[in-house]
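This report describes the fold of one protein chain, from overall composition to individual residues. The sequence and the coordinates are shown first.

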Amino acid sequence: MRIAYQGEPGAFSEAAARRISPDAPLIACRTFEEVFASVEAGSTEYGVVPIENSIGGSIHRNYDLLVEHHLPIVGEVELPVVHHLLALPGASMDRLRRVYSHPQALAQCERFLRTLTGVEIIATYDTAGSAKLVADERLEDAAAIASARAGEVFGLTPLASSVQDFHDNLTPVPRHRPSFVQRQRSRQDVDCVFAAQRAGRAVQGAERVRAPRHRSDEA
């Protein structure tokens, strides 16, 4: 079972994918569109994307993509979302001039960010991608808001921990089953997994829902 997710290793969508299947091969995609396209084309069996957050609100683009690609939900998993301010080893708060992260993560950490003086807040495509940027370019006056795992992956240390506005922030992972694709003439099941961010009750894992089989003469 191959699972596509948006972002770099250390992204929260990667964590959601690991919760669904710890041993599954994971395929990193730069955009949400690439996640949907990967599942629809059969390159992966599942995809993981966020669709809403209790702080930042709905991610409308992914709702649109659900409609465009006809990939319905098959299940849901929730996991804690904890943001850290990550920087190169030896960096300090008094030298901080830029903070990078995904717009949703920035929205979830708004109260903390307002306490920073003289710091530019810069939106990027991914939380873990922001950590990678700081690490790859050796940005000594910059930091990224991302997960603890992203810090481990890219060799960053926390300048501040648990900086999200609410500390019961969770990511539910709804799992979706796509409709049968007509160009596929063999009998097969095609499933897809999607992740949503919102505060709520944590659950352990998700039961896989199998798609009903389609006869080839119905394609």
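## Overall composition

Of the 219 residues of the protein chain, 50% count as buried. The model is predicted, and the values below are computed from it. Its secondary structure amounts to seven helices and 15 strands. Among contacts with a separation of 6 or more, 72% are between residues 24 or more positions apart. The chain has an accessible surface of about 10,200 Å², and carbon and sulfur atoms contribute 49% of that area.

## The three-stranded open sheet

Three strands form an open sheet in the order E2-E1-E3, with parallel pairing. Strands E2 and E3 (46-48) are at the edges, each pairing on one side only. From one strand to the next, the twist averages 25°. Strand E1 (residues 3-6) is joined to E3 by three bridges, and these two strands run parallel. Within this pairing, Ala 4 of the chain has Gly 47 in E3 as its bridge partner.

Two helices accompany these strands. Helix H1 lies across E1, E2 and E3 and runs at about 160° to E1. Helix H2 (residues 32-41) also lies across E1, E2 and E3, at about 165° to E1.

The loop between helix H1 (12-20) and strand E2 (26-29) contains Ser 21. Is Ser 21 buried or exposed? With a relative accessible area of 15%, Ser 21 falls under the 20% limit and is therefore buried. When residues up to four places away in sequence are not counted, Ser 21 touches Met 1 and Ile 3.

## Strand E8 and its partners

Strand E8 (residues 84-87) pairs with two other strands, as the table sets out.

| Strand pair | Sense | Bridges | Example of bridge partners |
|---|---|---|---|
| E8 and E11 (residues 142-146) | antiparallel | three | His 84 and Ala 146 |
| E8 and E12 (residues 157-160) | antiparallel | three | Leu 85 and Ala 160 |

In a regular strand, side chains alternate between the two faces of the sheet. In E8, His 84 and Leu 86 point one way, while Leu 85 and Ala 87 point the other way. Which of these four residues are buried? All of them are: His 84, Leu 85, Leu 86 and Ala 87.

## Ring interactions

How many aromatic pairs does the structure hold? The number is zero. A contact between a charge and a ring does occur: the charged end of Arg 30 sits over the ring of Tyr 125, at 3.9 Å from the ring centre.

## Loop residues with positive phi

Arg 138 has a phi near 50°, which is a positive value. Arg 138 is located in the loop between helix H6 (127-136) and E11. The relative accessible area of Arg 138 is 54%, over the 50% limit, so Arg 138 is exposed.

Ser 162 likewise has a positive phi, near 50°. The loop that holds Ser 162 runs between E12 and strand E13 (170-172). Because its relative accessible area of 28% lies between the limits of 20% and 50%, Ser 162 is partly exposed.

Key:
Residues numbered from 1 in each chain as written. Predicted model: local features only at pLDDT ≥ 70, side-chain atom pairs only at ≥ 80, totals over all residues. Heavy atoms only, no water. Buried < 20%, exposed > 50% of the residue type's maximum accessible area, 1.4 Å probe, protein only. Contact = heavy atoms within 4.5 Å. Pairing = 2+ DSSP bridges. Axes fitted to C-alpha atoms, helices over the stretch in contact; angles between N-to-C directions. Phe/Tyr/Trp six-rings, centres within 6.5 Å; stacked < 30°, edge-to-face > 60°. Lys NZ or Arg CZ within 6 Å of the ring centre and 35° of its normal. Areas by Shrake-Rupley, 256 points an atom, 1.4 Å probe, with all protein chains shown as cover.
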